[in-house]
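Dear colleague,

Please find below the structure that I am handing over to you. My notes on it follow.

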Amino acid sequence: MNTIKNLILFSIVLIAGKASAQQITTAELQVTGLTCSMCSQATEKSLRTLDFVEAIEPDLNKNLFAITFKKDKAVNIDQIRKKVEAAGFSVGNLTAVFNFNNTKVDDKGLATAGNNVYQFLNQKNQILNGPVTATVVDKNFISGSAFKKKAAQLKSDTYANGEGLVNGKKTRIYHLST
């Protein structure tokens, strides 16, 4: 009897883990500093090393990369930025489709989904359900001048550092604008 009970619990945990893995389905990544097709190829090659990337479609005219993520993998936004920087370039803009499942955004704009904590700059006190297109506005995801301007507006240590205390634990917080 215990074996069946444990098997059912294991299945529920496995299914819940898979459901939360695909939190971000697609992204449009603008890369700055690209001057030729070799630059674009280097960036694409670096991004393809991420195990959660399914497909990449570069647009050389706009320096954009349309990225589709694997359904069974969790997406790490910071790793995307690191791969772009490893190729020798910078992220100019990252807009992604986040899939929320009855995710509560509190009165401060904080929401926890899967393993990620998000700070919405323009949404508070609501439940998010379904796909939401949002732009990551953290440092190194927007231009330096845009970050300084936003940091001056927000006057928030969490925004300046990209981290904050969540349930007493130092946590990476992604700041999003919809």
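Contact here means heavy atoms within 4.5 Å. Leaving aside its neighbours within four places in sequence, Tyr-118 is in contact with residues including Gln-23, Ile-24, Phe-98, Phe-100, Ile-173, Tyr-174 and Leu-176.

The model is predicted, so local features need pLDDT of at least 70 and side-chain atom pairs count only at pLDDT 80 or more, while totals for chains, interfaces and linings use all residues. Residues are numbered from 1 along each chain as its sequence is written, and side-chain values use heavy atoms, with hydrogens and water left out.

Tyr-118 also belongs to the largest nonpolar core, which has 36 residues; Leu-29, Leu-47, Phe-69 and Phe-98 join Tyr-118 as those with the most contacts inside it. Such a core is a set of buried Ala, Val, Leu, Ile, Met, Phe, Trp, Tyr and Cys residues joined through side-chain atoms within 4.5 Å. Buried means under 20% relative accessible area, exposed over 50% and partly exposed in between (1.4 Å probe, protein chains only).

Helix H2 (residues 37–48) packs against helix H3 (residues 77–86) at an angle of about 140 degrees, with the axes 8 Å apart. From H2, Thr-43, Ser-46 and Leu-47 make the contact; from H3, Ile-80, Lys-83, Val-84 and Ala-86 do.

Why does the structure hold zero disulfides? A disulfide is a pair of cysteine sulfur atoms within 2.5 Å. The sulfur of Cys-36 lies 3.5 Å from its closest cysteine sulfur, in Cys-39, which is too far for a bond. Cys-36 is partly exposed at 37% relative accessibility, whereas Cys-39 is buried at 12%.

Yours sincerely

Methods
Axes fitted to C-alpha atoms, helices over the stretch in contact; angles between N-to-C directions. Helix = DSSP H or I, 4+ residues; strand = E, 2+ residues; numbered from the N terminus.
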